[in-house]
Every structure is written in C-alpha cells, then in structure tokens.
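Dear colleague,

Please find the structure below, and have it open while you read the notes that follow.

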Amino acid sequence: MLGAAETYCAANKLQFTATRRRVLEILLEGHKALGAYDILARLQQEGRGAQPSVAYRALDFLLMHGFAHKLERLNAYVACAHPHETHAPAFMICRQCGAVAEVSSSPATSVIGQAACDAGFRIEKTVIEAEGLCPRCIADGKT
C-alpha cells in the first residue's frame with residue numbers, strides 16, 4: 001500500500017510527505033478505525049507535531065487521493081483496502097473489538113439505488129456502515 005501511494009504521488013506530482021506517509025502507516029497498522037486525535041497522539045509520541053491541524057491535513061490528503069475513508073458513525077478513519085479502484089465501500093464494524101472490514105457494495109443496484117432511480121435522484125456518494133460482531137468475536141462467544 002505504501003509503495004502504491006508513493007507511485008501514485010510521484011506520477012501525479014503530489015508531495016507524499018513524511019507526515020502523510022506516517023499517518024497512512026498508522027492507519028495500516030491495524031484493522032481498526034482511528035480518530036484524528038488518536039492519530040495526533042501517535043504523531044506527538046513520535047515527535048512529529050503537536051497541532052491537530054497536522055493530523056487533519058494529512059488525513060484530508062489521504063481522503064482526497066483515495067488512500068483512506070472516513071467512517072461517519074465513528075468519526076474515525078481507516079486505510080482504503082482498494083485504493084484507486086472504482087468502488088463503493090461498505091464497512092463492517094465489530095462492536096466488541098472495534099475491528100473494521102471494508103467490503104465492496106453497489107449502491108446503484110441496492111434498495112437505496114432503486115429508490116433514488118425511482119425519484120430521479122443521482123447518488124454521488126454513499127457511506128454504508130454496519131455494526132455487529134466479527135468472526136473472531138463470534139467464535140470467542142462474545143455478545
């Protein structure tokens with residue numbers, strides 16, 4: 001993923017700064033969503049900046065260029081599992097352990113897509129988030 005980000009930024013003459021790279025690395029380290037202040041705390045521990053704007057600017061860059069997604073319900077961020085592929089992600093969020101899995105969805109063929117079509121509405125963006133239990137928590141008998 002980091003190599004893909006570097007290649008994309010070089011090809012598009014974008015600055016993939018050390019901070020942007022580190023924020024992407026932090027998002028890639030686990031399959032959990034992280035809030036901007038969680039990321040900021042990690043950056044501060046590493047001596048990389050103490051202002052919230054440092055984390056927000058890096059996250060804005062990653063979102064804008066398809067390397068991350070924002071989970072609206074959690075007000076948190078995850079690395080994109082399919083960067084630069086045309087996709088409509090849906091997120092499965094484990095309420096027990098906080099794991100997040102990204103899966104592809106198709107809003108155009110879903111119930112909401114059909115309703116939008118019937119209303120003459122063109123969907124430009126959807127955020128689908130489902131909360132439940134991941135396979136590991138189910139196997140562990142967590143409820």
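By class, 10 nonpolar, six polar and five charged residues make up the lining of the largest pocket, where Ala, Val, Leu, Ile, Met, Phe, Trp, Tyr, Cys and Pro count as nonpolar, Asp, Glu, Lys and Arg as charged, and the others, Gly among them, as polar. The model is predicted, so local features need pLDDT of at least 70 and side-chain atom pairs pLDDT 80 or more, while totals for chains, interfaces and linings use all residues. Residues are numbered from 1 along each chain as its sequence is written, and side-chain values use heavy atoms, with hydrogens and water left out.

A pocket here is an open set of points on a 1 Å grid over the protein atoms alone, where a 1.4 Å probe fits, with protein on both sides within 12 Å along at least five of seven lines, and its lining residues have an atom within 4 Å of a point. The largest pocket holds about 470 Å³ of space, a volume being the space filled by probe spheres set on the points, which are joined across faces, edges and corners. Among its 21 lining residues, H69, H87, P89, K125 and T126 are the closest to its centre.

The second largest pocket has a volume of about 170 Å³, and G30, H31, V78, A79 and V100 are the closest to its centre of the 13 residues that line it. Its lining comprises nine nonpolar, two polar and two charged residues by class.

Best wishes
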